[in-house]
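Keep the viewer open as you read.

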Amino acid sequence: MRGFLASSIGVTCAAALALPLALPSSGARATTPAAPPAAEGIPGSTQSLPLAPLASDRSSGPDEREQGLTRRDVRPFALVGVVWDDPADELRGTVQVRTRASGTTTWSGWQSVETHNHEHAADPETLERGTGKVRGSTAPLWVGNSDGVEIRVRAEYDRHGDQASGRGLLPEGLRLELVDPGDEPPPRGGQTEAPSLTPAVTVESAAASAVNADLAPMDAAAIPELTKQQTEDELLAGRGAPEVAGQARPYIGPRPRIITRKGWGADERIREKEFAYTQTVKAAFVHHSASGNNYRCSQAGSVLRSIYRYHVKSSGWRDFGYNFAIDKCGNIYEGRAGGVAKPVLGAHTLGFNANSTGIAVLGTYSSVNPPKAAVNAIARLAAWKLGLHGADPSGTTSLQSGGGNLYKKGTNVKLRVISGHRDGYATECPGKQLYAKLGTARSSAARYQGR
C-alpha cells in the first residue's frame, strides 16, 4: 500500500517527453527547468474561527453538546467547513450554517454540512496519514460570495441520553473554516464554458506542468482531446511497440479534454512538494463532493480552489484529495498533482486509494439527479484513464483493502472496475442518484473503449 514518491521539483520537460505514458520509478529525480520570476498569485485565504458553547449550553461543562458562533461579520469567503483536532474522531451530530451574501443584508436559511467525511482520506499507516498535520473535517460546502456567518454544531445523543457512555460529545478543537478562493475567473461566454485562470509561475507550478508536458505544452490551461485513433497511436508509442500491420489495437477511449491545475488556478505553493504514486490503476471510484449544487460552471475553478485549500490548509492533506473532478456541465479537471496519465496516489477512498483513481463530480447528488453531461464525462474520462492500464470499465477487479469499515486491512476484495465510493466503504457517497447512474457510465465507457 506504500506509495512511490517522486519530487515535484525533480521532473524535467525532457524526462516527461521521453516517457510519455511510462509509470514512474520510485527513485527517479532530476532538476526542474528554471521557472520565470513569480508573478502575483491568486490571493486565496482561510479564516479559522474556534467554536464556543452556545448560550443555551454554557452550563454543561467541558463536554459541550452544542457549539457554534452567533451571527457576525467576517472577511469575504465562499466555502465553509468544520475541522477538529483528532482525525480518528467522528463528529456524530449535525452542522448547520447560514451566511450573508456579500455587500447585502440578505441571510440564507440554515444549510446542512455533511459531517461524515473521514472516509475521504489517505489510507491508514501511509505517509500522508502519518504527518501529524491531518485533522478531522466535515465535507466542504460552497455558499458563494459571503461576508457574514452563523453556525451551530449539535451532538447527537445515544438513545438513552447517556453522557457517560461517551456518545453525544463533540470532538475537541472544533473550528469553523471560511475559505476565500481568490479572484474568480472572468465569464467566458456560454454555460458550458469552463474557467481558466493563470496563477503565479513558481518552481512548483512548473513541476506540476512538466509531468503533463508529453500531453500538452508547458503551462497549458488544458490538455486537448484526441480522436480514438490518435489516442491508440499515442499509447502504442508510449509502450515502445513497433507498428505491425494488422496488429490488435488497444482498448482505450479517446482522450478527453482535461483542464489542468494551471487552468483552474491551483496555487502549487501550498501543496506538498513531492508527488506520490501507486503502481497502477485497476479501478475508478466515483464520488460526489457533497459541496452543494449552487454554483455555475464558470465558477467551477473557484469551487476547486476552495476545496483544494480546504483539503490542504484546513484538513492537513498533502494536496487536493481526488485525482479528477467533473462539473455539472461535463468539464473534466485535473485533480491531485503528478500527471493525469500517471498512477497518482490520491486520498479519496479510505482503504482503497492504492491502485485506483478517484473521480469527484462537483455537487451533492443524494436526492438530485446528476446532469447527463456529468455522467457522460465520467464515462469518457474512465474509458481513457482505465484504458491506459488495460482495465475494462464493464468488468471487475481485485483490490487489497488498506483498512476500513467494510473490509479489514489485507482483505482482497472483488470490486467493479468503475465503483461508487460506497462499494469500498460504508458511506452515502456518491449519493443515491449518482450511484444509480454508474451502470450507464460503465456501459458507455466500455463502448468508448471499443468493447
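Start at Leu386, which touches Val281, Lys282, Ala283, Ala284, Ala391, Pro393, Val417, Ile418 and Gln449, leaving aside residues up to four places away in sequence; contact here means heavy atoms within 4.5 Å. Before going further, a word on the ground rules: this is a predicted model, where local features need pLDDT of at least 70 and side-chain atom pairs count only at pLDDT 80 or more, while totals for chains, interfaces and linings use all residues. Residues are numbered from 1 along each chain as its sequence is written, and side-chain values use heavy atoms, with hydrogens and water left out.

Leu386 belongs to the largest nonpolar core, a group of 36 residues in which Ile326, Trp384 and Leu386 touch the most other members. Such a core is a set of buried Ala, Val, Leu, Ile, Met, Phe, Trp, Tyr and Cys residues joined through side-chain atoms within 4.5 Å, where buried means under 20% relative accessible area, exposed over 50%, and partly exposed in between (1.4 Å probe, protein chains only). Two or more residues each come from strand S13 (283-288), strand S14 (324-326), strand S16 (356-361), helix H6 (372-387) and helix H8 (438-449). H6 provides the largest share, ten residues. Helices (H or I, at least four residues) and strands (E, at least two) are DSSP runs, numbered from the N terminus.

A second, separate core has 23 residues, including Ala78, Val303, Tyr308 and Tyr310. Have a look at helix H5 (residues 300-314) too: 14 of its 15 residues are buried. H5 reaches 20 Å from its first C-alpha to its last, close to the 21 Å expected (1.5 Å times one less than its number of residues). Just after H5, Gly316 takes a positive phi of about 80°.

On a 1 Å grid over the protein atoms alone, a cavity is a set of points where a 1.4 Å probe fits but cannot get out, and lining residues have an atom within 4 Å of a point. Of the 16 lining residues of the largest cavity, Ala208, Ser209, Ala220, Thr260 and Lys262 lie nearest its centre. Helix H2 (203-210) gives the most to this lining, with three residues.

H2 itself is mostly covered, with seven of its eight residues buried. One of them is Ala206, which has a relative accessible area of 6%. Its C-alpha atom is 7.6 Å from that of Met218, twelve residues apart along the chain.

Finally, some backbone details. Most residues other than glycine have a negative phi, and most peptide bonds are trans. Asp219, in the loop between H2 and strand S10 (222-223), has a positive phi near 65° and is partly exposed at 34% relative accessible area. Asn355 has a positive phi near 60°, but Asn355 counts as buried at 17% relative accessibility. The peptide bond from Cys429 to Pro430 is cis, with omega near 10°.

Key: On a 1 Å grid over the protein atoms alone, a cavity is a set of points where a 1.4 Å probe fits but cannot get out, and a pocket is an open set with protein on both sides within 12 Å along at least five of seven lines; lining residues have an atom within 4 Å of a point.
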